[in-house]
Every structure is written in structure tokens, then in C-alpha cells.
Amino acid sequence: MELDQDDLKRGLQFIVGTWQVDYLVNAWSNDLAHIPATEFKSEDGTDFTAIQFEFFEDHSVVMKDTSKGKEVKGTWEQTGWSEFHYTLNDFLEIPDSTFKKNAETLQMIEGTHLVFGIGILSVAMKKIAEGTITKEADIGDIEMSDEDAARMDIVGEYETVKAFSFVDGKMDLFTKEQVKADIDKKVAAGEMDEHDAAQSMMAFDSITEITESHKIKIWMKVPAGVTEDKINAALEAGEIEDYDGERFCAHTKPWKCVDGKFYYDTGEQREVFGEMKSSWDEIKYDEDGTMIFSSGLARLKKID
């Protein structure tokens with residue numbers, strides 16, 4: 001199984017920390033009952049809660065027997081979406097075998113436990129302490145170097161040449177001509193009125209300007225009937241940010257260059273599995289050379 005960066009990140013967040021044996025299950029039992037670790041004792045009276053694993057973000061691991069004050073170091077890796085493998089240096093004197101493989105393989109169960117096998121026993125551990133994971137720097141928090149700040153490759157005005165639209169019963173990226181032809185058919189058939197037709201074409205009526213001052217402005221034509229006084233009132237109220245006499249810009253977005261790559265702040269609130277994600281997207285280009293924009297919902301072509 002090939003794991004992507006998100007899979008590995010979730011695995012890291014799950015496993016890093018201290019784990020202690022919680023319960024055991026005897027595969028030969030009739031009901032596969034959970035036997036509390038405190039009730040499963042060795043001949044010297046030590047119970048299984050003495051066994052702990054501490055996993056670190058650098059993929060090292062320490063296994064401890066707290067009853068004897070013994071510990072040994074090793075390494076770990078993620079081998080599947082919910083599977084991990086660890087290797088200890090000398091703690092377990094077990095020859096290579098299926099027995100050893102099961103003992104060194106950890107399965108995530110119910111999102112709360114790590115389970116490994118020792119013969120007929122399944123040993124389930126629960127996390128008793130979170131570990132430390134270095135927080136990745138967000139693009140928005142990184143200061144541009146002088147070299148990056150001087151990069152102006154993307155500065156200019158762009159038109160939308162493709163937008164995510166509903167055409168012939170399909171949702172996909174379509175050109176202005178394709179969308180217009182579909183709208184004309186719907187208007188002629190009485191399936192769409194002129195107002196809805198104009199709304200459907202709005203994505204192609206805007207001009208995206210990327211400025212030297214590291215701003216992205218999306219310019220729209222002033223709607224018919226909107227007076228200069230109304231535009232000025234909207235500016236004063238902060239409802240729009242700019243007006244050039246013919247077009248208005250409702251909101252600007254910042255852009256920056258970091259390590260030679262361009263990014264812009266989408267302003268979107270993003271959350272995946274309860275974790276907040278960066279609102280900054282890298283500016284990339286499609287196979288045809290058009291700029292991928294608006295979280296992939298548009299393609300832009302430079303016109304100036």
C-alpha cells in the first residue's frame with residue numbers, strides 16, 4: 001500500500017506518545033473477552049501494565065519494563081493506513097518467525113488502541129501520554145527572503161478561460177464558449193431566464209490582477225444601474241476595497257514567493273479530521289499552461 005503525506009502525518013499524530021498495555025485477548029477463549037492488563041500477571045506477580053512503549057517523531061521508539069527498570073531502544077515505521085512495524089535492538093530474544101512478525105506488528109484498532117500478537121494472545125495498548133510533534137510552519141507565517149520578494153514572474157492581469165460549470169448534464173471545467181453555448185440552448189428552450197444566464201457567465205466576466213505589492217485583485221464590471229454615489233458609499237463602508245472608474249474589487253488576497261514557489265491565501269477555512277489546514281495554496285499550472293486558481297475551480301490565462 002502506498003501512503004501519501006496526509007496518511008503519514010495522521011499516523012505520526014496517532015502513534016507519537018507513550019502507550020501502556022490496557023488489556024489482552026486469548027484467541028482460544030470462547031467469548032474473546034478483554035482481560036484487563038492488571039489481572040494478567042507473570043509468576044513474579046508483575047502485571048502487563050509494566051510494559052510501555054514510547055514512540056517519537058524521529059521514528060525512534062523505547063520499550064520499557066517499568067517493573068524492572070529496563071528499557072531498550074529501537075525504530076518504528078508506518079507500513080499501512082492503520083499498521084505500524086517496530087524493531088528493537090535486543091529486548092526481545094525471538095528468532096525470525098511468524099511469531100516475531102506478529103509481535104513487532106502494531107494494528108490500530110477503533111482509533112484508540114494499538115494491538116500486537118504474542119502467540120495466542122492479542123495485546124492491546126492505550127495511549128497514556130501525548131508526545132511532541134514539531135508543528136510545520138504555515139506558508140502564511142514564513143517571511144519572504146529578499147530574493148523571493150523580488151520575484152515578479154506572475155505579476156499581470158489574467159482572464160478566466162475555464163471555469164467549473166454545469167454543461168450538458170456534467171459538472172466539469174468548461175471554456176467560456178462551451179458554457180455560453182449551453183446557456184443559449186437553455187434560454188431558447190425556456191429552461192433558463194436572462195438573469196440566471198447572466199449569473200452563470202459571471203465567472204468569465206472577471207479579471208484577476210496580480211500586483212507588484214503582493215496583492216491579488218479580482219475585478220468585476222459595475223452592474224448596470226449602480227451609480228457612482230453607491231460605489232463610493234460601498235467603498236466607505238468597506239463593502240468593496242477598490243474602484244477604478246469602471247470595475248470594482250470586492251476583496252484582495254495576498255500572495256508571496258517562498259523558496260522560489262508562489263502561493264496565495266484563499267481565505268478558506270479548512271479542516272481535515274479535526275485538524276486545521278493552511279488556507280494558502282501553491283500557484284500551479286495545468287498542462288496547457290493556464291494557471292490553476294480558486295482551489296482548482298478555474299483556469300486563468302495571462303493577458304497583460
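The stops that follow concern strands, aromatic rings and a surface patch.

This is a predicted model, in which local features need pLDDT of at least 70, side-chain atom pairs count only at pLDDT 80 or more, and totals for chains, interfaces and linings use all residues. Residues are numbered from 1 along each chain as its sequence is written, and side-chain values use heavy atoms, with hydrogens and water left out.

**Stop 1: strand β1**

Select residues 17–26, which make up strand β1. Helices (H or I, at least four residues) and strands (E, at least two) are DSSP runs, numbered from the N terminus.

Strand β9 (residues 121–130) runs antiparallel to β1 and is joined to it by nine bridges, with V25 opposite S122. β3 is also an antiparallel partner of β1, over four bridges, and Q20 stands opposite Q52 there. With strand β2 (residues 35–36), β1 forms two bridges, again antiparallel; L24 faces I35 in β2.

**Stop 2**

Select K70, which lies in strand β5 (residues 70–80). K70 is partly exposed, at a relative accessible area of 44%.

Follow β5 into β6 through the two-residue hairpin that joins them. These two strands pair in the antiparallel sense over six bridges, and T87 is the bridge partner of T75. On its β7 side (residues 105–109), β6 makes three antiparallel bridges, where H85 stands opposite T105.

**Stop 2: the aromatic rings**

A search of the whole structure finds nine aromatic pairs. Rings of Phe, Tyr and Trp (its six-membered ring) pair if their centres lie within 6.5 Å; planes under 30 degrees apart count as stacked, over 60 as edge-to-face and the rest as tilted.

Select F14 and F84, a stacked pair with 6.5 Å centre to centre and 15° between the planes. F14 lies in helix α1 (residues 5–15) and F84 in strand β6 (residues 83–88), so the pair ties together parts that are 70 residues apart in sequence. F14 is buried at 14% relative accessible area, and F84 is buried at 0%.

Then select F53 and Y86, whose ring centres are 5.1 Å apart and whose planes meet at 70°, so the pair is edge-to-face. This pair links distant parts of the chain, 33 residues apart: F53 is in strand β3 (residues 51–55) and Y86 in β6. F53 has a relative accessible area of 1% and is buried; Y86 is likewise buried, at 1%.

Finally, select F14, W19, F53, F55, W76, F84, Y86 and F116 together, which ring pairs link into a cluster.

**Stop 3: a charge over a ring**

Select K256 and W280: K256 lies over the face of W280, at 5.2 Å from the ring centre. The criterion is NZ of Lys or CZ of Arg within 6 Å of the ring centre and within 35 degrees of the ring normal.

How values were computed:
Buried < 20%, exposed > 50% of the residue type's maximum accessible area, 1.4 Å probe, protein only. Pairing = 2+ DSSP bridges.
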